[in-house]
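Dear colleague,

Please find the structure below, together with its sequence.

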Amino acid sequence: MRLTSLRRTLLAAALGIGLATPALAAERELLNSSYDIARELFSAINPEFITHWQAENGEEVEIQQSHGGSSAQARAILQGLRADVVTYNQVTDVQVLADAGLVAEDWQQQLPNNASPYYSTTAFLVRKDNPKGIESWDDLVEEGVQIVFPNPKTSGNGRYTYLAAWGFADQEYGGDEERVHDFMRTFLRNVAVFDTGGRGATTSFIERGIGDVLISFESEVNNIRQEYGSDDYEVIVPPVSILAEFPVAVVESNAERNGNQDLAQAYLEYLYSEEAQRMLAGFNYRVHHEAVVEEFAENFPATELLTVEEIGGSWDEVMDTHFGSGGLLDQLQRR
Amino acid sequence: MQRIGDAPAVRRLLITAAVLLAALFLLLPLVAIFAQAFARGVDVFWANITNTYTLAAIQLTLVIAVLTIPVCLVFGVALAWLVTRFRFPGRRILQTLIDIPFAVSPVVAGLVYLLLYGRTGWLGSWLDGHDIQLMFAWPGILMVTIFVTCPFVARELIPLMQAQGSREEEAAVTLGAPGWTIFRRVTLPNIRWALLYGVILTNARAVGEFGAVSVVSGAIRGQTNTLPLHLEQLYQDYNTVGAFASASLLALIALLTLVAKASLEWRAARREDHA
Amino acid sequence: MSTRSFAIGLGSTPKRVLPGFGLSLGISLTFVSLMLLLPMTGLFGQLAGLSLAEYWTIITNDRVVASYVVTIGAAAVAAIVNAAFGLLLAWVLVRYEFPGKRLLDALMDLPFALPTAVAGITLATLYASNGWMGRLLEPLGLQVAYTWVGIALAMAFTSIPFVVRTVQPVLEDMPHEMDEAALTLGASDITGFRRVILPHLWPALVTGTGLAFVRSLGEFGAIIFIAGNMPYETEITALMIFVRLQEYDYAGASAIASVVLFASLALLLVINIWQGRFIKRLHGGHG
């Protein structure tokens, strides 16, 4: 009969929902909203933290992960995603939350090193034996060099690359605006493909064989080289580059609502522990813990790291003058 | 009986061209999906499919599809009945309005829901005050899925019901049959194949929707990741085999859809021949 | 008993003899208002915050205009290619019997059934310079991935069923006498096709091509992987909306989205009206 089959369908649907909604377990859940390429990283760190928390407090907790483009992730929280903590790759995306009152105003003072437990810089991945002889930024504006990096409009990673190139040119030409603009124009013209995110750029470079050089976070290019064969690619860290901080913060209103304040704070503090810092260094991020820094010293060549503030004032100014609609990036790309 | 294009040479040429083009253009991508999924053997494929997060994504995707279909069905039938059986002012506008989901880019579809039901939206802030969360949870995913899939059933039914006209139903009314009986005994048998076809299309789209869902999902692994979102994340994680393994599941659903549809058409054609 | 012969003139019955007007109107209006129109208010709420001049500046930004050109150009090419390809497929499927015909017929719906994200990564994999197709085409000097050809290809892939499925039924219903008459009068296949069959198929072909075109305007998932996304060259309008979203510029995103929305809706309305006329004419022709 019709009705019975309908009833069966409804029952199945109801059951399905029951299964799909997280089981109402007694244990607390913490949601970490993070950037795209940190999935493996936090998949490694979370179990360690859970063990650590259990040993300290005798409580079993669960950590949920949400990953996406850092800006899209922040937007989701603004619109109501109930993440307890954020671990992003760009200061502005945390600042947006602070401006909306979801994160403490002085969040950068609440944890050491500007609330950035680890950092990285922008580096190059070139093909075997570096056929185009790329060592620094000025080699990228040579005729016939094809560059791959994600779109600065859609990706924080791409913004760091753009700013690093700008910082280099600014230093090289002693602040001569016209020459800096010329440099950047050529640099942008040499881009072979503008993927929307870092991983898309990697796919274009590795799997599709596009371009002579991939520019991404140092951590990322090292991971790629490990993943795809250290014989086929080389990592080049330019003598001058940018300091890329990875800011973290507690989303207070959400943590409060979820009753997770202590857990959220402890989770972020854990990222500064020796254990976590060693894991971070294992994922090729630069860290602050002295013992770990020494241990991994040879993996991270010394290089001059310019801060965003040195390059363009503050993040707010940089976003306005460079990346906003009609900003410098738009002007430099105009033909 | 000679018809245009019946000459053997023309025939052969056209068939070859069509088959070749279709194979290159349509079949090859399908083959590529499965080739990539099994690139590292069945074991790796299986390990990727039975991964906890993949299973959770499959489950969520199926639940969303199962919930979407009845809603679209009721709406589609009601709307088709309305615009094909009655004349009233605004009929044409209503018919065009249901095409909105076709005209709106899926990302924008997600955005409009977010702007309304998100924390800063006027409905969303009220909901938030009452601790009701729609966005970044399964209800939000369900809502945008319904949005993007709702035209399919109606679009299938309207031309058919228009063509069939309402004489049979009118006869039934004259005989004094109650409304519900008329629908079940007279209308339903006439439209059931189109209805099923609409459901199949709805299901295919509901299972595969990416753009709109990605905006409202929040991408919490194991909780609000649908299969297409999960696939994209695997792709981003350099797990090409995993991504294509998920893609092959979706392609499999697509293939089942095609088979179901083809057999429906075949049965319908046979019925017509017998009738 | 053929149900088709009922069609003529019945829709215009003025009296409401049939039951269910209130119920179906209620369900339809509730649904349309709640699920379709209410969310749209969010879009227009954003637009209301813009002055006309601001709105104009956003939608005529030269990079956005370049993206219209790319999108419309590629969609037009895709639609034209699909018109030819779709016509061929519909013709072969209706007029000829051959082994594997059912398979070919079923395959036509694949682009609708296959999620666009899957189509996107698959096409990008196939047509990249080291993919199965790319390896063959690149030596011939045809680069598909990361050029506008790739965009047109992805659009053509996602919209081919529209043409096939609109032309097919009309071709099926076409009376035998029509082309027989042409041939008896001594016309060649080509003239016969051009003079007799094409005029008959024309409305359906235009409708299908139009739907394919509209679909291509809004497509994002399938294109983004293969487009290359270079400013002024391979940026599609859907990407510009996406970029505005990344900048938290909801108003800007809504403004550009509204352009696509209005263009698509206007086209769909035209197609709906055209289709209505066409059905009337068709039934008037051989009732």
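Throughout this message, helices (H or I, at least four residues) and strands (E, at least two) are DSSP runs, numbered from the N terminus. The model is predicted: local features need pLDDT of at least 70 and side-chain atom pairs count only at pLDDT 80 or more, whereas totals for chains, interfaces and linings use all residues. Residues are numbered from 1 along each chain as its sequence is written, and chains are lettered from A and ligands numbered from 1 in the order in which they are written.

I begin with chain A. Its domain assignment gives domain 1 (26-118 + 245-299) and domain 2 (122-242 + 303-333); such bounds come from an automatic or database domain assignment. The centres of domain 1 and domain 2 of chain A, taken over C-alpha atoms, are separated by 26 Å. Between them, 12 residues of domain 1 of chain A are in contact with 14 residues of domain 2 of chain A, two residues being in contact if their C-beta atoms, placed from the backbone, lie within 7 Å. On the domain 1 side, helix α4 (residues 91-99) of chain A provides the largest share, three residues. By class, this side of domain 1 of chain A has four nonpolar, seven polar and one charged residues. Here Ala, Val, Leu, Ile, Met, Phe, Trp, Tyr, Cys and Pro count as nonpolar, Asp, Glu, Lys and Arg as charged, and the others, Gly among them, as polar.

In helix α10 (residues 218-228) of chain A, the buried residues are A:Glu218, A:Ser219, A:Glu220, A:Val221, A:Asn222, A:Asn223 and A:Ile224. A residue is buried if 20 or more other C-beta atoms lie within 10 Å of its own, exposed if 12 or fewer, and partly exposed in between, with C-beta atoms placed from the backbone. The elements against which the buried residues of α10(A) pack are β4 (118-120), β5 (122-127), α9 (198-206), β8 (213-217) and β9 (233-236) of chain A.

In helix α12 (residues 261-270) of chain A, A:Leu263, A:Ala264, A:Tyr267 and A:Leu268 are buried. These residues lie on the same side of α12(A), because they cover an arc of only 130° around the axis; the arc is that of the directions from the helix axis to the C-beta atoms. Their cover includes β1 (28-35), α2 (39-57), β2 (61-68), β3 (85-87), β12 (248-250) and α11 (252-258) of chain A.

Leaving aside neighbours within four places in sequence, A:Val85 has among its contacts A:Ala264, A:Tyr267 and A:Leu268, as well as A:Leu30 and A:Val251. A:Val85 and A:Val251 are the residues with the most contacts inside the largest nonpolar core, which has 271 residues. A nonpolar core is a set of buried Ala, Val, Leu, Ile, Met, Phe, Trp, Tyr and Cys residues joined through C-beta atoms within 7 Å. Helix α3 (residues 52-85) of chain B gives the largest share of this core, 18 residues. Both domain 1 and domain 2 of chain A give residues to the core, so it lies between them.

Turning to the chain interfaces, 18 residues of chain A are in contact with 19 residues of chain C. On the side of chain A, α3 (70-78) and α17 (328-333) are the elements that give two or more residues, and α3(A) gives the most, with three. That side has four nonpolar, eight polar and six charged residues.

The contact between chain C and chain B takes 87 residues from chain C and 88 residues from chain B. Helix α1 (residues 21-48) of chain C gives the most to the chain C side, with 15 residues. By class, this side of chain C has 60 nonpolar, 18 polar and nine charged residues.

Finally, I turn to the UniProt annotations. An unreviewed UniProt entry lists "transmembrane region" at residues 21-45, 65-94, 106-128, 140-164 and 250-274 of chain C; UniProt positions are given in the numbering used here, feature names are shortened, and annotations may be inferred rather than shown by experiment. Residues 65-94 of chain C are 100% helix and 0% strand, with end C-alpha atoms 42 Å apart. For "domain: ABC transmembrane type-1", the unreviewed UniProt entry lists residues 58-262 of chain B, a span that is 80% helix and 0% strand.

Yours sincerely
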